[in-house]
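Work through the exercises below with the model open. Try each task before reading its solution.

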Amino acid sequence: MSHSSPALPENQQPHSIWRGVHQTLSKDTTGGALLLGATVIALILANSPLADFYESVREFSFGPEALHLNLSVAAWAADGLLAVFFFVVGLELKEEFVAGKLRDPRTAVVPIVAAVGGVAIPALIFTLINLNAGGDALNGWAIPAATDIAFAVAVIAVVGRMLPPALRTFLLTLAVVDDLLAISIIAVFYTDDIAFLPLLAALLPLAVFAVLVQRGVRTWWVLIPLGVCVWALIHASGIHATVAGVLLGFMVPVIAKGRARVPAGTREDGTPLFEGLAAHFADKWSVFSSAVAVPVFAFFSAGVTVGGFSGLLESLGDSIALGIIGGLVLGKAIGITGGTFLITRLHGITIDKSLAWIDIVGMSFIAGIGFTVSLLVGELSYDPSGAASDHMKVGVIVGSMISATIGAVILTARNRHYRH
């Protein structure tokens with residue numbers, strides 16, 4: 001005699017439970033909380049009796065040496081897991097260029113110019129502060145130029161529920177362009193020697209991947225191995241492997257047509273509704289990116305031994321840390337607000353009518369949260385075992401915290417204004 005277990009209520013069915021977990025992990029606030037939690041845990045471990053254990057795990061190496069992939073755990077997180085983050089960024093970039101805000105030049109020009117200002121002015125401030133520092137201090141000129149999408153959007157989600165939607169769109173577009181500029185900087189300025197044979201070889205799996213996704217293929221056991229091949233070959237070429245993520249993202253079609261489409265429900269008249277593969281892949285991979293890839297990278301990158309209060313003061317007195325803090329806090333605010341102001345002096349170009357200038361100022365401070373990409377550029381700039389690397393991490397963390405606090409205070413006040 002068989003016994004069947006009692007049926008779960010509809011809202012507790014496994015697929016419903018998974019959908020709820022997926023929605024929770026997809027929230028901007030959840031990704032930001034996981035990122036912050038990983039950072040705090042890393043800092044605690046690095047400054048506790050477990051510091052040696054944390055360091056030994058971070059430096060433990062594994063992988064096939066013949067393929068130049070015998071990497072430390074920290075390098076796997078920075079080169080491997082972060083490639084998934086940049087794959088999602090590549091998907092978002094292409095969506096913006098093909099069907100989003102960046103499609104219309106008149107609409108796109110404001111956040112694009114703001115992003116350029118937000119990259120140039122922080123780099124200039126860092127360079128001026130470190131001009132006479134000597135050594136390899138100037139190598140980190142691009143560290144404060146980056147904006148962390150996950151953290152920035154999470155802060156907006158927490159403090160700005162009543163803010164105009166146009167502000168979040170402005171921040172997203174700005175951050176996406178900022179990431180494109182950061183990726184270009186990494187590829188051009190932080191790649192020493194390029195091995196052209198692996199780079200050319202990477203074009204073959206990349207082309208096969210492109211053809212398959214254009215034909216609507218979504219089979220994971222076909223696409224993921226191709227993506228890994230592209231990643232491994234670009235890594236072997238000497239170019240930072242996260243570039244592979246962006247290239248793969250750019251190959252995915254945005255517009256739903258032919259076989260390159262995914263069912264997305266039905267319209268009011270009952271006809272089927274479809275979405276493009278870019279939106280589909282972004283939805284599938286964004287959870288892994290925000291819940292695993294970025295927090296794990298932060299955990300293995302943010303752990304810096306401060307050395308108590310005196311050590312913290314010593315780090316904050318270093319020109320590298322000061323340059324990063326000045327770039328993130330002042331440079332981002334001046335560059336983004338100034339760039340927006342200058343471009344809107346041109347006839348016919350304005351900020352969205354629902355926004356006030358104080359909203360732009362608050363958002364520009366939020367964009368000063370550099371964190372993930374700033375740490376990545378910092379790791380490419382300095383010897384990970386040197387004092388400069390520790391000073392860099394302190395500068396990124398402190399600068400990001402100050403920027404987040406100032407921006408959160410301004411936007412919290414604006415949120416109250418819009419609520420009333």
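**Exercise 1. Find what covers helix H14.**

Solution. Start with the cover: H6, H7, H13 and H16 are among the elements over the buried residues of H14. Contact here means heavy atoms within 4.5 Å. Helices are DSSP runs (H or I, at least four residues), numbered from the N terminus. Next, count: seven of the 10 residues of H14 are buried, so the helix is mostly covered. Buried means under 20% relative accessible area, exposed over 50%, and partly exposed in between (1.4 Å probe, protein chains only). Finally, list them: Asp359, Ile360, Gly362, Met363, Ser364, Phe365 and Ile366.

A note on the basis. This is a predicted model, where local features need pLDDT of at least 70 and side-chain atom pairs count only at pLDDT 80 or more, while totals for chains, interfaces and linings use all residues. Residues are numbered from 1 along each chain as its sequence is written, and side-chain values use heavy atoms, leaving out hydrogens and water.

**Exercise 2. List the salt bridges and place each one in the fold.**

Solution. Side chains of opposite charge can pair when their charged atoms come close. The count comes to three salt bridges.

- Arg414 pairs with Asp359, with the closest N and O atoms 2.7 Å apart. This pair links distant parts of the chain: Arg414 sits in H16 (residues 387-419) and Asp359 in H14 (residues 357-366), 55 residues apart. Both Arg414 and Asp359 are buried.
- Asp178 pairs with Lys332, with closest N and O atoms 2.7 Å apart. Again distant parts of the chain are linked: Asp178 is in H7 (residues 165-189), Lys332 in H13 (residues 319-343), 154 residues apart. Asp178 and Lys332 are both buried.
- Arg58 pairs with Glu55, and their closest N and O atoms are 2.6 Å apart. The two are about one helical turn apart because they stand three residues apart in helix H3 (residues 51-59). Arg58 is buried at 9% relative accessible area, whereas Glu55 is partly exposed at 31%.

**Exercise 3. Determine what surrounds Asp148.**

Solution. Locate Asp148: it lies in the loop between H5 and H6. Check for a charge partner. Asp148 is buried yet has no salt bridge, and the nearest side chain of opposite charge, Lys332, is 11 Å away. For this search, Lys and Arg count as positive and Asp and Glu as negative; His and the chain ends are not counted. Now look at the contacts. Beyond neighbours within four places in sequence, Asp148 touches Leu35, Ile369, Gly370, Phe371 and Thr372. The side chains of Asp148 and Thr372 make a polar contact at 2.2 Å. Such a contact is a pair of N or O atoms within 3.5 Å; within protein, one must be able to donate a hydrogen and the other to accept it, and residues adjacent in sequence count only if both atoms are side-chain atoms.

**Exercise 4. Is Ile239 buried or exposed? Name its contacts.**

Solution. Ile239 lies in the loop between H9 (220-237) and H10 (242-251). Its relative accessible area is 13%, so Ile239 is buried. Setting aside neighbours within four places in sequence, Ile239 contacts Thr191, Ile194, Leu199 and Ile234.

Technical notes
Salt bridge = Lys/Arg side-chain N within 4 Å of Asp/Glu carboxyl O.
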